[in-house]
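Me: I have a structure here that I would like to go through with you. Could we take it one topic at a time?

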Amino acid sequence: MKRTVSIFGSTGTIGKNALAIVDAFDPRFEVAALAAGRNIETLRTQVARYRPALACLQSASAADLAALRSEFPKTRFVAGDEG
């Protein structure tokens, strides 16, 4: 049985360490959501690796969100208060 996890602060040190644990036990975990502050490039890499259903950025421009949505159509991207 897979365990579903959401990682808040996924682009920071603690978030990256949490994802390292997910990698170590890969068959047991599924990443459902990732949340990050402003580090779009690291979040992009994480979304490509873990394919979460939801990803959130604390602050992102409409253009950044549009680019991410285009690149990863199966992931719902939100930002700001909605996130």
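Me: Which residue does Arg44 meet in a salt bridge?

Reply: Arg44 meets Glu41, with 2.8 Å from N to O between the side chains. Please note that this is a predicted model.

Me: Where do Arg44 and Glu41 lie?

Reply: Both are in helix 2, three residues apart, which is about one turn of the helix. In general, an α-helix has 3.6 residues a turn, so residues three or four places apart point the same way.

Me: Is Arg44 buried or exposed?

Reply: Arg44 is buried, because its relative accessible area of 18% falls under the 20% cut-off.

Me: How many salt bridges does the structure hold?

Reply: The structure holds four salt bridges. One of them joins Asp23 and Arg49, whose closest N and O atoms are 2.9 Å apart. This pair links distant parts of the chain, since Asp23 belongs to helix 1 and Arg49 to helix 2, 26 residues apart.

Me: What else forms a salt bridge with Arg49?

Reply: Asp26 does, with 3.8 Å between the closest N and O atoms.

Me: Let us turn to helix 1. How many residues has it, and what span does it reach?

Reply: Helix 1 has twelve residues and reaches 17 Å from its first C-alpha to its last. That is close to the 16 Å expected at 1.5 Å a residue.

Me: Which residues of helix 1 are buried?

Reply: They are Gly15, Leu19 and Val22. Seen down the axis of helix 1, the buried residues fall within an arc of 45 degrees, so they line one face of the helix.

Me: What is exposed on the other side?

Reply: Thr13, Ile14 and Ala24 are exposed on the other side of helix 1.

Me: Now the strands. How do strand 1 and strand 2 run, and how many bridges join them?

Reply: Strand 1, residues 3-8, and strand 2, residues 29-36, run parallel and are joined by six bridges. Within this pairing, Ser6 stands opposite Ala33 in strand 2.

Me: Where does strand 3 come in?

Reply: Strand 3, residues 54-57, pairs with strand 2 in the parallel sense over four bridges. In that pairing, Ala36 stands opposite Leu57.

Me: One last topic: how many aromatic pairs does the structure hold?

Reply: The structure holds one aromatic pair. The ring centres of Phe72 and Phe77 are 6.3 Å apart.

Me: Why is that pair described as tilted?

Reply: The ring planes of Phe72 and Phe77 stand at 40 degrees, so the pair is tilted. Planes under 30 degrees apart would count as stacked and those over 60 as edge-to-face.

Me: Are the two residues buried or exposed?

Reply: Phe72 is buried, and Phe77 is buried too.

Methods: Residues numbered from 1 in each chain as written. Predicted model: local features only at pLDDT ≥ 70, side-chain atom pairs only at ≥ 80, totals over all residues. Heavy atoms only, no water. Pairing = 2+ DSSP bridges. Helix = DSSP H or I, 4+ residues; strand = E, 2+ residues; numbered from the N terminus. Phe/Tyr/Trp six-rings, centres within 6.5 Å; stacked < 30°, edge-to-face > 60°. Buried < 20%, exposed > 50% of the residue type's maximum accessible area, 1.4 Å probe, protein only. Expected span 1.5 Å × (residues − 1). Arc of directions from axis to C-beta.
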